[in-house]
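Please walk through the model below one part at a time.

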Amino acid sequence: MTDAAISVASRPAIERGFRLQWEPAQNAHVLLYPEGMIKLNGSAGEIMKRCTGEASIADITADLERTFQATGLGNDVMAFVTMALGKKWLRIPA
Amino acid sequence: MNATAPNIAPGNAPRPGPPLWLLLELTYRCPLHCVFCYNPTDFERTGPELDTQDWIRVLREARALGAVQLGLSGGEPLARDDLEEIVAEAHRLGFYINLITSGVGLSEARIRALKTAGLDHIQLSFQDSSRQMNDFLSSTRTFELKSKVAALIKQYDYPMVLNVVLHRMNIDHVQEILEMADRMGAEYVELANTQYYGWAWHNREQLLPSREQVERAEEVTRRFRERVGRPMQIYFVVPDYFERRPKPCMKGLGSLFLTIAPDGLALPCHAARMLPGLKFPNVRTSSVESIWFDSESFNHFRGDAWMKEPCRSCPEKARDFGGCRCQAYLLTGDAANADPVCDLSPHHHLITEAVERANQPRPTPAPKVEEKPLVFRTPDNSRALFP
């Protein structure tokens, strides 16, 4: 569940029953769930596809900063993950 | 197929996006005989079911266009013994696959095979919270079996999604229905008030609840939501007969949804078969691409050129698309009229009069003593209605 405190060491994963995939027809990552679909924007898709349950939020941030040659993405990633946990798109596995 | 046909709907509606949501009604066969079923009452007159290879071709063609949400329904989709094969191909293609089922026929061997094939999600229907009413409303003995299936769904690590169709004879049991759902460990409960098409339309006078019943059920649901001690999402779908604006049916016909009926007929919604004057194409003879973009029947209700007043000049037409074409046709005889649910419709009195009749006290639940008998959804009754 999402009640546990979130930190940069948390390892978010896609919530059970949801599936993330790239849809060429929509040129976007989409999050699929029972009877619905969320079309993700570019940065949301890049964060979500790294939420495998293996990588910590710190790992995800470092990977994004490396991939996009950027710095200081930590707050954005944390804000997105927090929002996505609240919407039950993500979970923090025990 | 005509490669030179302009992809322009009447009223210059823009070319639509892909049919993101595909519903395959694999069969009209069903072990249940529910009085509120939306399937056509003349289902016995429809042609033979598509075979496995036809369904797989439909899946490939629709996926290539961008379809991604897949509903497998019916009838009872488990009545098809190639369901696992269809699911496996759909999964390989990248669909998110929802099985919409009564649960009858879902043995442990089949749920294991469906899980392996890649089925994502199961929605299980219940007719009521008690064995007596469940079995009466579906004209079968299935309650115990459904309870076992609910346990299997949990065991195979699917979210437990219960769907209960509400109407006059079970809406007073919402408390018991929610308690049953809680005991079963349901994560989602959809309390879906009956929509009046097909068999439900035929039985409407007996199924439509009174306003007081609807309000009480909403209140019970609200209180239950506050009290339930674990994550359980409860959706209460208000019956549109009690609203003053129509539902944005299918978000506009031909915008997102594509239904393929058991006989291969392609429809912009699962009830559209009834609409007169439209010759819907069949996947046996047309590609999904030509059906979606080029067929006259799919283009007909795109855009707003088909609308009459009061919809045509209505500022809300972009929100509700004039409501449901099938409901407009059933109630007024013209599918281009405003959905009479809208209180701006000159036919709105047809709705308020039906609700007025429903508000009159009647001996319920005792459907057998009413003048007009309930007609169960059976092949015999279908043939009797359409000899």
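Two residues are in contact if their C-beta atoms, placed from the backbone, lie within 7 Å. Helices (H or I, at least four residues) and strands (E, at least two) are DSSP runs, numbered from the N terminus. This is a predicted model, in which local features need pLDDT of at least 70, side-chain atom pairs count only at pLDDT 80 or more, and totals for chains, interfaces and linings use all residues. Residues are numbered from 1 along each chain as its sequence is written, while chains are lettered from A and ligands numbered from 1 in the order in which they are written.

Start with helix packing in chain B. Two packed helices are described by the angle between their axes and the distance between the axes. Here axes are lines fitted to C-alpha atoms, for helices over the stretch in contact, and angles run from 0 to 180 degrees between N-to-C directions. Helix α2 (residues 83-93) of chain B and helix α3 (residues 108-117) of chain B have axes that come within 8 Å and cross at roughly 20°. That angle makes α2(B) roughly parallel to α3(B); angles under 35 degrees count as roughly parallel, over 145 as roughly antiparallel, 65 to 115 as roughly perpendicular and the rest as oblique. The crossing of α2(B) past α3(B) is right-handed. A crossing is left-handed if the near helix is turned anticlockwise from the far one by less than a right angle, and right-handed if clockwise.

Which residues in α2(B) and α3(B) meet? From α2(B) come Glu84(B), Val87(B), Ala88(B) and His91(B), and they meet Ala113(B), Leu114(B) and Ala117(B) in α3(B). By class, the residues of this contact are five nonpolar, one polar and one charged. In this scheme Ala, Val, Leu, Ile, Met, Phe, Trp, Tyr, Cys and Pro count as nonpolar, Asp, Glu, Lys and Arg as charged, and the others, Gly among them, as polar.

α2(B) also packs with helix α1 (residues 52-65) of chain B: the axes of α1(B) and α2(B) come within 10 Å and cross at roughly 20°. The two helices are therefore roughly parallel to each other, and α1(B) passes α2(B) in a right-handed crossing. On the α1(B) side the contact holds Thr52(B), Trp55(B), Ile56(B), Leu59(B), Arg60(B) and Arg63(B), which meet Glu85(B), Ile86(B), Glu89(B), Ala90(B) and Leu93(B) in α2(B). The residues of this contact divide into six nonpolar, one polar and four charged.

Now take chain B as a whole. Chain B has 15 helices and nine strands. Its radius of gyration is 21 Å, close to the 21 Å that the globule rule gives for 387 residues, so chain B is as compact as a globular protein of that length. The radius of gyration is taken over C-alpha atoms, and the globule rule is 2.2 Å times the number of residues to the power 0.38. Along the principal axes, the C-alpha trace of chain B spans about 60 × 50 × 45 Å.

Chain A has three helices and five strands, and from the N terminus its elements run β-β-β-β-α-α-α-β. A compact globule with 94 residues would have a radius of gyration near 12 Å; chain A has 13 Å, which agrees. The C-alpha atoms of chain A fill a box of roughly 35 × 30 × 20 Å, taken along the principal axes.

Where the chains touch, chain A contributes twelve residues and chain B 13 residues. On the chain A side, β2 (19-23) and β3 (28-33) of chain A each supply at least two residues, and β2(A) gives the most, with three residues. The side of chain A that touches chain B has five nonpolar, three polar and four charged residues.

Some backbone details follow. Most residues other than glycine have a negative phi, and most peptide bonds are trans. The peptide bond from Gly74(B) to Gly75(B) is cis, with omega near 10°, and Gly75(B) is found in the loop between β2 (69-73) and α2 of chain B. Another cis peptide bond joins Glu309(B) and Pro310(B), with omega about 10°; Pro310(B) is in the loop between α11 (296-300) and α12 (317-320) of chain B. In chain A, Gln69(A) is not a glycine but has a positive phi of about 45°, and its place is in the loop between α2 and α3 (74-86) of chain A.

Last comes confidence. pLDDT is the predictor's confidence in each residue, from 0 to 100. Chain A has a mean pLDDT of 92, with 96% of its residues at 70 or more. Chain B averages a pLDDT of 90, and 94% of the residues score at least 70. Over residues 1-11 of chain B the pLDDT is below 50, and this stretch has 20 contacts in the model beyond near neighbours in sequence. For the complex, the predictor gives an ipTM of 0.86 and a pTM of 0.90.
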